[in-house]
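Open the model in your viewer and keep the selection tool ready. Each stop tells you what to pick and what you will find there.

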Amino acid sequence: AVVSTQSTWGQTGNSRNVENVEIYQNIQNPSKTIMYIKTCWSPCFWHSTVRAGSYAVAVYTMAMSLCIITYLINILHGGDSSQFYLPLFEADLHTSTQHGGRFCIILFTLLMLFSALLVVGIKKDMRGLMLPWMILMVIILTGQAMYGMWLIFGYYIYLEGVFAALVDFAWLSYNIYCWWVVRNHYRNVKWFQSPDIEVLEEFAK
């Protein structure tokens, strides 16, 4: 249940923007306070709403997937993966590299497709088109976290491995932030598509 929520939607054609969404508390558990992101920041760009930021996140994941797929195709054709902190380092070129590389290519191809669906979902305020991207990103973020842990526990005696793990965790942190931007826009859409019903506790007893 929401104690207080302040919001203003701007109407321009078929597009709507959330101008302000405050922090709310759960009535049943007042100590549980949830913070919502209202803007989206990146090292190069700033977006005043999470709606606009979600568009940027979708484009970012499309570009990221394209770059990773290109790199994986290069590895499958004999490209360099000789450093221990590079993907598929411990895989055999003619067996496990081929299977693992193809699996990753399929995974990031799906991410590109789901990023396109995310754009459509944001434009039309369709939450069902945002969910595939959010679910797949959770899977990818989990894999990225496990990769960083593997670098630390497997090659902790090498300074390069620790540095590569720190870079991986920094990138992971930014990807988690991007996920939260989309998650907050999804939540905003859910709020404003729900019936506006206020339940008073004194009458509910």
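**Stop 1: the aromatic pairs**

This model is predicted. Start with the rings: there are four aromatic pairs in the count. Select Y60 and Y174. Their rings form an edge-to-face pair, with 5.7 Å from centre to centre and 80° between the planes. Why is this pair called edge-to-face? The planes must be over 60 degrees apart for that label, and the angle here is 80°.

Now color the helices. Y60 sits in helix α1 (residues 50-76), and Y174 sits in helix α4 (residues 159-193). The two are 114 residues apart, so this pair links distant parts of the chain. Are these tyrosines buried or partly exposed? Y60 has 23% relative accessibility, so it counts as partly exposed. Y174 has 25%, and counts as partly exposed too.

Next, select W179 and W180. Here is another edge-to-face pair: 5.4 Å centre to centre, 85° between the planes. Check how each one is covered. W179 is buried, because its relative accessible area is 16% and the limit for buried is under 20%. W180 counts as partly exposed, at 34% relative accessibility.

A pair of aromatic rings is described by two values: the distance of the centres and the angle of the planes.

**Stop 2: a charge over a ring**

Select R127 and Y186. Where does the charged end of R127 sit? It sits over the ring of Y186, 6.0 Å from the ring's centre.

**Stop 3: a salt bridge**

Side chains of opposite charge can pair when their charged atoms come close. How many salt bridges does the count give? It gives one. Select R51 and D125 to see their side chains meet, at 2.9 Å from N to O.

Follow the chain between the two. R51 belongs to helix α1, while D125 lies in the loop between α2 and α3. They are 74 residues apart, and the pair links distant parts of the chain.

Most residues other than glycine have a negative phi. D125 is not a glycine, yet its phi is positive, at about 55°.

**Stop 4: a buried serine**

Select S54. You are back in helix α1. How much relative accessible area does S54 have? It has 0%, so S54 is buried. Now show what surrounds S54. Setting aside neighbours within four places in sequence, S54 is in contact with L118, I122, V181, V182 and H185.

**Stop 5: a buried isoleucine**

Jump to I140, in helix α3 (residues 131-155). I140 is buried, with 13% relative accessible area. Which residues does I140 contact, apart from neighbours within four places in sequence? They are L107, F108 and L111.

I140 and L172 are 32 residues apart along the chain. The distance between their C-alpha atoms is 9.7 Å.

**Stop 6: a nonpolar patch outside**

Select I106, L110 and L113. Together they make a nonpolar surface patch of about 270 Å². I106 is in helix α2 (residues 96-124). Is I106 buried or exposed? Its relative accessible area is 54%, so I106 is exposed: the mark for exposed is over 50%.

**Stop 7: the whole protein**

Zoom out and switch to a cartoon view. The protein has five helices and six strands. In what order do the elements run? From the N terminus on, they go β-β-β-β-β-β-α-α-α-α-α.

Now select every residue. Of the 205 residues, 31% count as buried. The protein exposes about 12,700 Å², and carbon and sulfur atoms supply 65% of that area.

Finish with the contacts. Take the ones between residues at least 6 apart in sequence: 60% of them join residues at least 24 apart.

How values were computed. Residues numbered from 1 in each chain as written. Predicted model: local features only at pLDDT ≥ 70, side-chain atom pairs only at ≥ 80, totals over all residues. Heavy atoms only, no water. Patch = residues over 30% accessible without salt bridge, like charges linked within 9 Å, V, L, I, M, F, W, Y side chains within 5 Å. Areas by Shrake-Rupley, 256 points an atom, 1.4 Å probe, with all protein chains shown as cover. Salt bridge = Lys/Arg side-chain N within 4 Å of Asp/Glu carboxyl O. Helix = DSSP H or I, 4+ residues; strand = E, 2+ residues; numbered from the N terminus. Buried < 20%, exposed > 50% of the residue type's maximum accessible area, 1.4 Å probe, protein only. Contact = heavy atoms within 4.5 Å. Phe/Tyr/Trp six-rings, centres within 6.5 Å; stacked < 30°, edge-to-face > 60°. Lys NZ or Arg CZ within 6 Å of the ring centre and 35° of its normal.
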